[in-house]
Amino acid sequence: MNVSFHGVKNVGSYHHTRKSTETIPSGGYVLELPKGRYTNIHVELNNKNGNDLDAFKEILEKYPNFYNKSALNFSYDYFENEQTGKIRPFFTINGKQIELNDENLPVINKIFKLMKKISKMDKEELKVENSYIMSPEADAAFEAYKLYAPEKNYEKILDIAHTRYYAQTGASYLAKKLEHELTEFVLS
């Protein structure tokens, strides 16, 4: 078993950019997926060499992960209205939507700090356990890409998402986006 020395393990991140609104069939329905970018990160938290799990205890209790009470699956998506060009961000924690408001500001700020931490970690410290990659937890963490990127091989998406490169660049991207959103919120 690989052990994380920095309070996180099983980190994976992936994104998909949709260049225009697209209508796709989904079972007996037709879905309209807007232009935008879909990005998420999955990370299992622990208290090795720190207190990452303790720091997120309240958040993980409020937004529990069905598969792993120590895991955070955070999504930052933005949708663009093609007629107005207006961009709307959309956040979820473990599949539950969260608005950026005064009440949730500390939650988003804590996630921002975690993303900065992951983005600066030594790549060798970003450990992924083989048992996790093959688990329903990993599958569920990135399941949205079956819909967002149906033209891509989903098993390949899972493999790519859990590379150290994707984990770290995903965290870096999310840190930049969250920094922008937090600044906009505070200044508005």
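The radius of gyration is taken over C-alpha atoms, and the globule rule is 2.2 Å times the number of residues to the power 0.38. The legends below describe views of a predicted model.

**Figure 1. Overall dimensions of the chain in the predicted model.** For 188 residues, the rule places the radius of gyration of a compact globule near 16 Å, and the chain agrees with it because its own value is 16 Å. Along the principal axes, the C-alpha atoms occupy a box of roughly 50 × 40 × 30 Å. The chain contains eight helices and seven strands. Of the contacts between residues at least 6 apart in sequence, 68% link residues at least 24 apart.

**Figure 2. Surface and charge of the chain.** The accessible surface amounts to about 10400 Å², and carbon and sulfur atoms account for 51% of that area. Buried residues form 45% of the 188 residues. There are 25 positive and 26 negative side chains, and 4 Å separates the centres of these two sets.

**Figure 3. The largest nonpolar core, with 33 residues.** In soluble globular proteins, nonpolar side chains tend to be buried together. Within this core, the residues that touch the most other members are F74, I93, I111, L114, M115 and I118. At least two core residues come from each of the strands β1 (8-18), β4 (35-45), β5 (71-80) and β6 (87-93), and likewise from each of the helices α2 (57-62), α3 (105-120) and α8 (164-187). Another core, of 17 residues, lies apart from this one; F142, Y145, Y154 and A161 are among its members.

**Figure 4. Surroundings of I111, a member of the largest nonpolar core.** Which residues are in contact with I111, once its neighbours within four places in sequence are left aside? They are F56, L72, F74, I93 and L178. Two of these partners, F74 and I93, also belong to the group in the core that touches the most other members.

**Figure 5. Two asparagines with positive phi, N10 and N94.** N10 is not a glycine, yet its phi is positive, at about 55°. This residue is found in strand β1. Is N10 buried or exposed? Buried means under 20% relative accessible area, and N10 therefore counts as buried with its value of 1%. N94, likewise a residue other than glycine, has a positive phi near 50°. Its place is the loop between β6 and β7 (96-98). N94 has 11% relative accessibility and therefore also counts as buried.

**Figure 6. Position of A140 in helix α5.** Helix α5 spans residues 136-141 and includes A140. With a relative accessibility of 28%, A140 counts as partly exposed. A140 and E22 are 118 residues apart in sequence, and the distance between their C-alpha atoms is 23 Å.

Figure 7. The relative accessibility of K152 is 38%, so the residue counts as partly exposed. Where does K152 stand in relation to S188, 36 residues apart from it along the chain? The C-alpha atoms of K152 and S188 are separated by 39 Å.

Technical notes: Residues are numbered from 1 along each chain as its sequence is written. This is a predicted model: local features need pLDDT of at least 70, side-chain atom pairs count only at pLDDT 80 or more; totals for chains, interfaces and linings use all residues. Side-chain values use heavy atoms; hydrogens and water are left out. A nonpolar core is a set of buried Ala, Val, Leu, Ile, Met, Phe, Trp, Tyr and Cys residues joined through side-chain atoms within 4.5 Å. Buried means under 20% relative accessible area, exposed over 50%, partly exposed in between (1.4 Å probe, protein chains only). Helices (H or I, at least four residues) and strands (E, at least two) are DSSP runs, numbered from the N terminus. Contact means heavy atoms within 4.5 Å. Accessible areas come from the Shrake-Rupley method with a 1.4 Å probe; for residues, only the protein chains shown count as cover. Lys and Arg count as positive and Asp and Glu as negative; His and the chain ends are not counted. The place of a charge is taken as NZ of Lys, CZ of Arg, CG of Asp or CD of Glu.
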